[in-house]
Amino acid sequence: MKDIKTLHNEAMDLALRGDIAAKADPKGEQCMNFYTEAFEKEREAALLADFMQNPEPGLSTLFRSAASLAIQCGRYREAEQLIAKALCGNPTNEIARELRELLQDIYAQSGRDEEVVI
């Protein structure tokens, strides 16, 4: 089993590769594959950190990162669930605000007419 830091670092490397691929073709299959793999690793890191009861703000930061990657992949429901998990914890005020902003982004991008109090 990989540790949280290794999974997170691998996810960030993949996300960077996705960013580079997106410059050539923003909607291309290659960049989406990188973002999807990055999301899956970051989600795994966040869930592992949650299972191991890692302290804040690291835990909610991992969930926020995983949610951001899910949004890039168009996986809005999964992003919403990760945000909810993070908000159920004890994130700092700044991270909680960022999580709510991500939630607002999800609603805007997915065409849902909902508002989030930030």
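How many residues does helix H2 (residues 29-51) have, and how far does helix H2 reach from its first C-alpha to its last? Helix H2 has 23 residues and reaches 33 Å, close to the 33 Å expected at 1.5 Å a residue; the expected span is 1.5 Å times one less than the number of residues. The structure is a predicted model, in which local features need pLDDT of at least 70 and side-chain atom pairs count only at pLDDT 80 or more, while totals for chains, interfaces and linings use all residues. Residues are numbered from 1 along each chain as its sequence is written, and side-chain values use heavy atoms, with hydrogens and water left out.

The protein chain has five helices and zero strands, in the order α-α-α-α-α from the N terminus on. Helices (H or I, at least four residues) and strands (E, at least two) are DSSP runs, numbered from the N terminus. The radius of gyration, taken over C-alpha atoms, is compared with a globule rule of 2.2 Å times the number of residues to the power 0.38. For 118 residues a compact globule would have a value near 13 Å, and the 14 Å of the protein chain agrees with this. The C-alpha trace spans about 40 × 40 × 20 Å along its principal axes.

Of the 118 residues, 38% are buried. Buried means under 20% relative accessible area, exposed over 50%, and partly exposed in between (1.4 Å probe, protein chains only). In helix H2 the buried residues include Phe-34, Tyr-35, Phe-39, Lys-41 and Leu-48. The buried residues of H2 pack against helix H1 (4-24), helix H3 (58-72) and helix H4 (76-88). Just after H2, Gln-53 takes a positive phi of about 55°.

Next comes the nonpolar core, a set of buried Ala, Val, Leu, Ile, Met, Phe, Trp, Tyr and Cys residues joined through side-chain atoms within 4.5 Å. In soluble globular proteins, nonpolar side chains tend to be buried together. The largest core here has 34 residues, and Ile-83 and Ile-106 touch the most other members. H1, H2, H3, H4 and helix H5 (93-109) each supply at least two residues of this core, and the largest share, nine residues, comes from H2. Leaving aside residues up to four places away in sequence, Ile-106 touches Ile-71, Tyr-76, Ala-79, Glu-80 and Ile-83, a contact being heavy atoms within 4.5 Å.

Because Glu-10 lies in helix H1 and Lys-41 in helix H2, the pair ties together parts that are 31 residues apart in sequence. Lys-41 counts as buried at 17% relative accessibility, whereas Glu-10 is partly exposed at 23%.

Arg-75 forms a salt bridge with Glu-40, with the closest N and O atoms 3.6 Å apart. Arg-75 lies in the loop between H3 and H4 and Glu-40 in helix H2, so this pair ties together parts that are 35 residues apart in sequence. Glu-40, Arg-43, Arg-75 and Glu-78 are linked in a network of salt bridges.

A further salt bridge, between Arg-97 and Glu-94 (2.4 Å, N to O), lies within helix H5, where the two residues are three residues apart and separated by about one helical turn.

Notes: A salt bridge is a side-chain nitrogen of Lys or Arg within 4 Å of a carboxyl oxygen of Asp or Glu.
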